[in-house]
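Good morning. Please have the sequence and the structure open while I talk.

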Amino acid sequence: MLEKLIQSRLQDRVRITVPDANLATVLVRPCPDLKFGDYQSNALMAIAKERKRNPRQLAEEVVAGLDVSEWCEPIEIAGAGFLNFRVKTNAVTDVLKSAYRGEHLFFERSATPRTVIVDFSSPNVAKPMHVGHIRSTILGDSLVRALRLLGHHVVTDNHIGDWGTQFGKLLVGWKKDLDRTNLERDPLAEMGRLYKQVNASFETDEEIKTQARQELVSLQSGDEENLKIWREMIDLSLQEFGKVYLRLGIRFDHVLGESFYNPQLKAVAKNLVDVGIAQESEGATVVFFDESTGWKDPAIILKSDGGANYTTTDLATLEYRLKTWQPSEIVYVTDARQQLHFQQLFDIYRRWHPSADVSLSHIWFGMILGPDGTPFKTRTGENIELNALLNEAEERALASVTEKNPDLSEKERLEIARVVGIGAVKYSDLLPNRQSDYRFDWDKMLALTGNTAVYLLYAYTRIRSVGRKAAEVGATASVEALQLTLPSELTLAKHLLRFGLSVEAMASEYRPNYLCNYLFELAGLFSQFYENCPVLKAEAQERASRLALCELAGRVLKQGLEILGIETTERM
RNA sequence: GCGCUCGUAGCUCAGUUGGAUAGAGCAUCUGCCUUCUAAGCAGAUGGUCGUGGGUUCGAUUCCCGCCGAGCGCACCA
């Protein structure tokens, strides 16, 4: 919070001292080490360099006219030209007081809200969601939450895979061997069984192959019976996906699957040919790319059998979204392997609609690996189903809670296990840099020590426990009594002020790990405070002050976890 | 062959316009529960940031070469 005020005033001075400087680079950031101060700006060194000026001299010039004495001690110029700001305790206390009164929670809503479409999760009909969907789903959802909290208008659209060649096989299986009882009990398992069964004989059995092709053609040409079955497969799948999303606390504004765009595909392809972007090659309709891209192979728009593929669908989807919601940005959250596809998609779209004013971002992420460093699968090489994975997380969490706190009722332990188990899965997915592959490790994820959801949730329960005990003895928090005297109180308070920076950093770079690390530090600083500063045993004035500090730390921790899609619990 | 990403402590990983002595967790070792949940806290040990050059006042970060790993490159999505 304070860094924004300091930054704005610093920018004012730079504008006067160096009129042609790019003020967007004049940023105030937390110091890497508290001994330098609380906030710093390194911008003047870069500005001096561009102009071949002495950086310290420029710094002195700027600082001479810079008055931030309302919030800071005298500014220090250090080293090659760092500006170090040390905030006054009074200024920190004032921000805490306004937060306590509910005027803000250490972040500001964006002054320039954008409309952002976030495309994430996108499971395939007739297949259970599995580990491959975890990152897109959890990462995408947390980005949505962060953007919304900052005041942006977000549209979420689950672009499910409800069309494609797999339906030929599924229809054959459905008609030949559907077990209604199995279907009612576990629709996705039954559809998966049918698919596997047909698929197994597909390569060797010419008859099956022909049947599958015929069923697909028949579906695509509007055969009533096949359409009916297809719709039933979609309905059942959506119901099952809905159960998983409910467990994860995720909802979508729209579910417009690939099939929604079928009516547009031919026109899209024709238009691309008409304007000279697409051409025929080896029987297919394709788009070649400029030599400078280095992409030798073209993207296929229409296969030689006339069918469209996902580049075409994605182009139609893009058009529809722009027309329907006029977003300033569309964000696709998918795995790293689709980088080339999205680069090509964006390239084609830019050529197709050069004047479109929208930013297109592919937010990609790495793979989830098993303990041995290879892609995470079951022992038999199958994908691990998301539902089963969440079950195991809850079971493991339940064992942990039961061991640590056997006196709680079973009902309460089950609820805690749910929050902790789901939270642990989410946190372990959001903590690593999204672009790196990470190893899925149950023990690490649900470890009672280290940077885990468990640690953050435990810190939260300690805060809440202090609050409950205080209420029992009639002690109340008072923000007016707030005084930050001990180092651990002041350090904790200053960290609360940085909450907004971490949320903004997360939202602007689509990196939830920034917020995870902020919250881990917050929980650590609270624990230090908790060790060093008795709350309930303190004298009245101090007790009221510390209760207020606890309350604020609790609010920020809860809000931060909420951005990550993680619920909190009062006890554990 | 071309392209993308990566190589940081024994292990798993952070490292936010290039910035100040490179950080965390785990593991190992040492302390702290008659005190608000010890699922905690305090401290110690541990790194030529793959390697060789270059740009810079300053490089884990930017550029180039080399070594090693993963992934992707015409009709699946």
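**Notes on chain A**

Gln326 is found in the loop between α12 (310-325) and β10 (329-335). Its phi is positive, about 45°, although Gln326 is not a glycine.

Before going on, this is a predicted model, in which local features need pLDDT of at least 70, side-chain atom pairs count only at pLDDT 80 or more, and totals for chains, interfaces and linings use all residues. Residues are numbered from 1 along each chain as its sequence is written, chains are lettered from A and ligands numbered from 1 in the order in which they are written, and side-chain values use heavy atoms, with hydrogens and water left out.

Ser122 also is not a glycine and has a positive phi of about 45°. Ser122 sits in the loop between β5 (115-119) and α5 (131-149), and with a relative accessible area of 23% Ser122 is partly exposed.

Now the chain as a whole. Chain A has 21 helices and 13 strands; these are DSSP runs numbered from the N terminus, helices being H or I of at least four residues and strands E of at least two. Of the 572 residues in chain A, 52% are buried.

Next, a sheet. Which order do the strands of the open three-stranded sheet have? The order is β7-β8-β9, with antiparallel pairing; two strands pair if DSSP finds at least two bridges between them. β7 (278-281) and β9 (299-302) are at the edges with a single partner strand each, so one side of each has no neighbour in the sheet. Four bridges join β7 to β8 (residues 284-287), and Ala278 stands opposite Val287 in β8.

Last, two helices. The axes of α1 (residues 2-17) and α3 (residues 55-64) come within 9 Å and cross at roughly 115°. Axes here are lines fitted to C-alpha atoms, for helices over the stretch in contact, and angles run from 0 to 180 degrees between N-to-C directions. α1 and α3 are therefore roughly perpendicular to each other; angles under 35 degrees count as roughly parallel, over 145 as roughly antiparallel, 65 to 115 as roughly perpendicular and the rest as oblique. The contact, meaning heavy atoms within 4.5 Å, is made by Leu10, Arg13, Val14 and Thr17 of α1 and Leu58, Glu61 and Val62 of α3.

Conventions: Buried < 20%, exposed > 50% of the residue type's maximum accessible area, 1.4 Å probe, protein only.
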